[in-house]
Amino acid sequence: MLRNESGEIAPEIFGLALCQYDESGFIYRFTCDSGWETEQDADYGSVAEAKENLPEQYRDVKANRQKYE
């Protein structure tokens, strides 16, 4: 069980999504629950930067990557 910064139990994370809006130059990384509802988000300058800056707890998790357009 993980706790967030305020000490409350953190929601279970199901997946991460990398997205870019047409009008934005940023790549957004969304941390999502099992219904793909966003729990956290962060913006980066590139896909490589978003992947390089994964939180420690996700670095060794096997990823099932899918690309959607």
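Student: Where in the protein is confidence lowest, and where is it highest?
Tutor: This is a predicted model. Confidence is lowest in strand E1, residues 15-19, with a mean of 91. It is highest in strand E2, residues 27-32, at 93.

Student: What is the average pLDDT of the protein?
Tutor: The average is 86. A score of at least 70 is reached by 97% of the residues.

Student: What elements does the protein have, and in which order do they run?
Tutor: There are one helix and three strands. From the N terminus on, the order is β-β-β-α.

Student: What box do the C-alpha atoms fill?
Tutor: Roughly 35 × 25 × 25 Å, taken along the principal axes.

Student: Why is arginine 29 called buried?
Tutor: Arginine 29 has a relative accessible area of 7%. Buried means under 20%. The value of 7% is under that cut-off, so arginine 29 is buried. Its place is in strand E2.

Student: How far is arginine 29 from glutamate 56?
Tutor: Their C-alpha atoms are separated by 15 Å. Along the chain, the two are 27 residues apart.

Student: What share of the protein counts as buried?
Tutor: Of its 69 residues, 19%.

Student: Why does serine 34 count as exposed?
Tutor: Serine 34 has 60% relative accessibility. Exposed means over 50%. The value passes that cut-off, so serine 34 counts as exposed. Serine 34 lies in the loop between E2 and E3. Its C-alpha atom is separated by 21 Å from that of alanine 50, 16 residues apart along the chain.

Student: Why is tryptophan 36 called partly exposed?
Tutor: Tryptophan 36 is at 46% relative accessibility. Buried needs under 20%, and exposed needs over 50%. The value of 46% falls in between, so tryptophan 36 counts as partly exposed. Tryptophan 36 is also placed in the loop between E2 and E3.

Student: What makes the phi of tryptophan 36 worth a look?
Tutor: Most residues other than glycine have a negative phi. Phi of tryptophan 36 is near 60°, a positive value in a residue other than glycine.

Student: Which residues gather in the patch of negative charge on the surface?
Tutor: Asp41, Asp43, Glu49 and Glu52. Strand E3 (38-44) and helix H1 (47-52) are the elements that give two or more residues to this patch.

Student: How do you know that aspartate 41 is exposed?
Tutor: Aspartate 41 is at 52% relative accessibility. The cut-off for exposed is over 50%. Aspartate 41 therefore counts as exposed. Its place is in strand E3.

Student: What makes glutamate 52 exposed?
Tutor: Glutamate 52 has 54% relative accessibility. That is over 50%, so glutamate 52 counts as exposed. Glutamate 52 is found in helix H1.

Student: How far is glutamate 52 from glutamate 23?
Tutor: The C-alpha atoms are separated by 24 Å. Along the chain, these glutamates are 29 residues apart.

Student: Why is valine 61 called exposed?
Tutor: Valine 61 has a relative accessible area of 52%. Exposed means over 50%, so valine 61 is exposed. Valine 61 sits in the segment after H1. The C-alpha atoms of valine 61 and phenylalanine 30 are separated by 16 Å, with the two 31 residues apart along the chain.

Methods. Residues numbered from 1 in each chain as written. Predicted model: local features only at pLDDT ≥ 70, side-chain atom pairs only at ≥ 80, totals over all residues. Heavy atoms only, no water. Patch = residues over 30% accessible without salt bridge, like charges linked within 9 Å, V, L, I, M, F, W, Y side chains within 5 Å. Areas by Shrake-Rupley, 256 points an atom, 1.4 Å probe, with all protein chains shown as cover. Salt bridge = Lys/Arg side-chain N within 4 Å of Asp/Glu carboxyl O. Lys, Arg positive; Asp, Glu negative; His and termini not counted. Charge placed at Lys NZ, Arg CZ, Asp CG, Glu CD. Helix = DSSP H or I, 4+ residues; strand = E, 2+ residues; numbered from the N terminus. Buried < 20%, exposed > 50% of the residue type's maximum accessible area, 1.4 Å probe, protein only. pLDDT = per-residue confidence, 0-100.
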